[in-house]
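Please look at the chain below with its aromatic side chains in mind. The paragraphs after it walk through them one by one.

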Amino acid sequence: EERQKQILLSLWHTPFNNFSISLMYSFMNTDINSSLFYKSFHKIEVEDIFIYKDVPYDDWIHSIVFNTDFFLTPRLKLEGNIYFNRSRVSLDPEWLSNLKIRNISTSIGFNYRIKDRFTLYGKYRLQDYNDQEDDYFDGRVHTGIIGILFNF
């Protein structure tokens with residue numbers, strides 16, 4: 001048995017010829033009841049396999065994304081992005097798994113068209129991850145990307 005709900009709202013505006021902004025909100029919810037087979041990693045006997053029926057799985061995810069694009073010149077585009085995600089996942093919260101995650105990501109970047117078919121791009125991203133149930137994997141990541149694109 002499975003039930004899903006999805007909502008997506010998106011706004012896009014170009015106040016000037018060389019500047020655009022967009023905002024998106026999405027929500028997704030999934031409820032599933034299904035059978036589950038569980039076995040301890042090191043045990044190999046058939047009697048070590050546990051079978052559960054109607055195990056509940058429930059998740060919901062809220063996401064908000066804000067983007068900006070600014071063409072400084074016809075060849076150079078600057079871009080910025082803010083992404084916020086809040087989610088919860090429960091797989092039989094009585095004994096298996098329960099996660100509550102908050103994820104925030106911001107990035108800035110550029111695209112510079114070198115020639116008609118080649119573009120130089122770069123992006124810096126800062127991502128912050130927080131699990132409200134267990135802080136073992138919480139943290140912050142800085143990422144930088146630079147490369148050349150070839151258009152066919």
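The model is predicted: local features need pLDDT of at least 70, side-chain atom pairs count only at pLDDT 80 or more, and totals for chains, interfaces and linings use all residues. Residues are numbered from 1 along each chain as its sequence is written, and side-chain values use heavy atoms, with hydrogens and water left out.

Phenylalanine 27 lies in strand E2, residues 19-39 (strands are DSSP runs of E with at least two residues, numbered from the N terminus). Phenylalanine 27 counts as buried because its relative accessibility is 17%; buried means under 20% relative accessible area, exposed over 50%, and partly exposed in between, with a 1.4 Å probe and protein chains only. Leaving aside residues up to four places away in sequence, phenylalanine 27 touches Lys5, Gln6, Ile7, Trp60, Ile61 and His62, where contact means heavy atoms within 4.5 Å. The C-alpha atom of phenylalanine 27 is 6.5 Å from that of serine 63, 36 residues away along the chain.

Rings of Phe, Tyr and Trp (its six-membered ring) pair if their centres lie within 6.5 Å; planes under 30 degrees apart are stacked, over 60 edge-to-face, and the rest tilted. This rule gives 3 aromatic pairs. Phenylalanine 19 and phenylalanine 70 form an edge-to-face pair, with 6.2 Å centre to centre and 65 degrees between the planes. The pair links strand E2, which holds phenylalanine 19, to strand E3 (residues 49-71), which holds phenylalanine 70, 51 residues apart. Phenylalanine 19 is partly exposed at 24% relative accessibility.

Ring pairs also link Phe118, Phe150 and Phe152 into a cluster.

Conventions: Helices (H or I, at least four residues) and strands (E, at least two) are DSSP runs, numbered from the N terminus.
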